[in-house]
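Hi,

Here is the structure I promised to pass on. Have a look at it first, then read on for what turned up.

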Amino acid sequence: MSELNPQMAAILALIADAMKDRPHRTTLSPVEARAQTSATTEAFWNADRPTLWSVYNHEIPGPGGRIRVRLYDPGIDKPAPCLIYIHGGGWVICNLETHDGVCRRLAKAGGFLVASVDYRLAPEHKFPAGLEDCIASVRWLARDGGEWGIDTARLAIAGDSAGANLALASLLRLRDAGESPLLAGLLIYGAYAAYTAESETPSQRAFGDGSYILSAADMRWFWHHYVRDEADNLNPLAAPLLADLAGLPPLMLTAAEFDPLLDDSTALVARLEAAGAPYRYVLWPGITHASIQMTRMLDVAQDHIEDMAAWIKAQISP
């Protein structure tokens, strides 16, 4: 194991100080947790977000009502390739605003459009509601995205944390339906297993005490709100480590070293290898979960965004 990045250590100290008088997320209701997350993260971590040629909020039809989709345009010729982005937040918290800076940076670094999906959150909308919104968004963009200047033949999907889970599950569901609208998938420090009282991995034991932003208790709290019952723990669209992974487009997986979800990514790599599926795996040393949102204080976060954007561009802009 490498040393904790000094900038990352400073960020952890800053977060610990900011949160010392606030209740832990797992003691809050989902509504309260969302409000606390927005109050403590949105303005600060989006303060350095780049200006783009256009950022526009759209709505498209979905299985549970209208779905908000925010389109990021760095100012490129149309029709243009597009990355569909699924934000993280444990299926319960976060939104288009928390991940606004990340989407802007990916669009600018890659020179492609980014469409960020505001899927329904749990527990008001448990599995598979959020996943259904993501799949509906992919299908709409593949069919009607030309209305927004999207080249519908050059689409990829990405997500971080729970968003990586949803992105991978979307790829699996579309594959099983005989559809292949996506050329690639980018999975950023993803959550791919069930998180119950009995489940524990070495990375959860090493990094899950709350010292590294995301705790094992957080993941159990998120999972409890996400799934409907014990049967969902064994559903490969909720826990993609249980899925048949053959027949997927090329994937890029990234993992943070100091992250309780690290073993989720290494386990997924092993499953992809066994399935003979095309993938690229990158371990980010010395940093924690949620790091790509920390460009304001973490220099390597921008490097990682540029690397991911370059990989996506190579898949959808040959």
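Let's start with a term: a cavity is a set of grid points where a 1.4 Å probe fits but cannot get out. Keep in mind that this is a predicted model.

The largest cavity has a volume of about 70 Å³. Among the lining residues are Trp-45, Asn-46, Asp-48 and Arg-49, along with Thr-98, Gly-101, Val-102 and Arg-105. Ile-292, Gln-293 and Thr-295 belong to the lining too.

Which element gives the most to that lining? It's helix α3, with three residues.

Helix α3 is also worth a look for how it packs. Two packed helices are described by the angle between their axes and the distance between the axes. Here, the axes of α3 (residues 100-110) and α9 (residues 299-316) come within 8 Å and cross at roughly 55°. Because of that angle, α3 counts as oblique to α9. The crossing of α3 past α9 is right-handed.

If you want to find the contact on screen, pick out Arg-105, Leu-106, Ala-109 and Gly-110 on α3. On the α9 side, look for Gln-302, Ile-305, Glu-306, Ala-309 and Lys-313. Sorted by class, this contact has four nonpolar, two polar and three charged residues. Notice Arg-105 as you go: it lines the largest cavity and also takes part in the contact with α9.

Cheers

Key:
Residues are numbered from 1 along each chain as its sequence is written. This is a predicted model: local features need pLDDT of at least 70, side-chain atom pairs count only at pLDDT 80 or more; totals for chains, interfaces and linings use all residues. Side-chain values use heavy atoms; hydrogens and water are left out. Axes are lines fitted to C-alpha atoms, for helices over the stretch in contact, and angles run from 0 to 180 degrees between N-to-C directions. Helices (H or I, at least four residues) and strands (E, at least two) are DSSP runs, numbered from the N terminus. Angles under 35 degrees count as roughly parallel, over 145 as roughly antiparallel, 65 to 115 as roughly perpendicular and the rest as oblique. A crossing is left-handed if the near helix is turned anticlockwise from the far one by less than a right angle, and right-handed if clockwise. Contact means heavy atoms within 4.5 Å. Ala, Val, Leu, Ile, Met, Phe, Trp, Tyr, Cys and Pro count as nonpolar, Asp, Glu, Lys and Arg as charged, and the others, Gly among them, as polar. On a 1 Å grid over the protein atoms alone, a cavity is a set of points where a 1.4 Å probe fits but cannot get out, and a pocket is an open set with protein on both sides within 12 Å along at least five of seven lines; lining residues have an atom within 4 Å of a point. Grid points are joined across faces, edges and corners, and a volume is the space filled by probe spheres set on the points.
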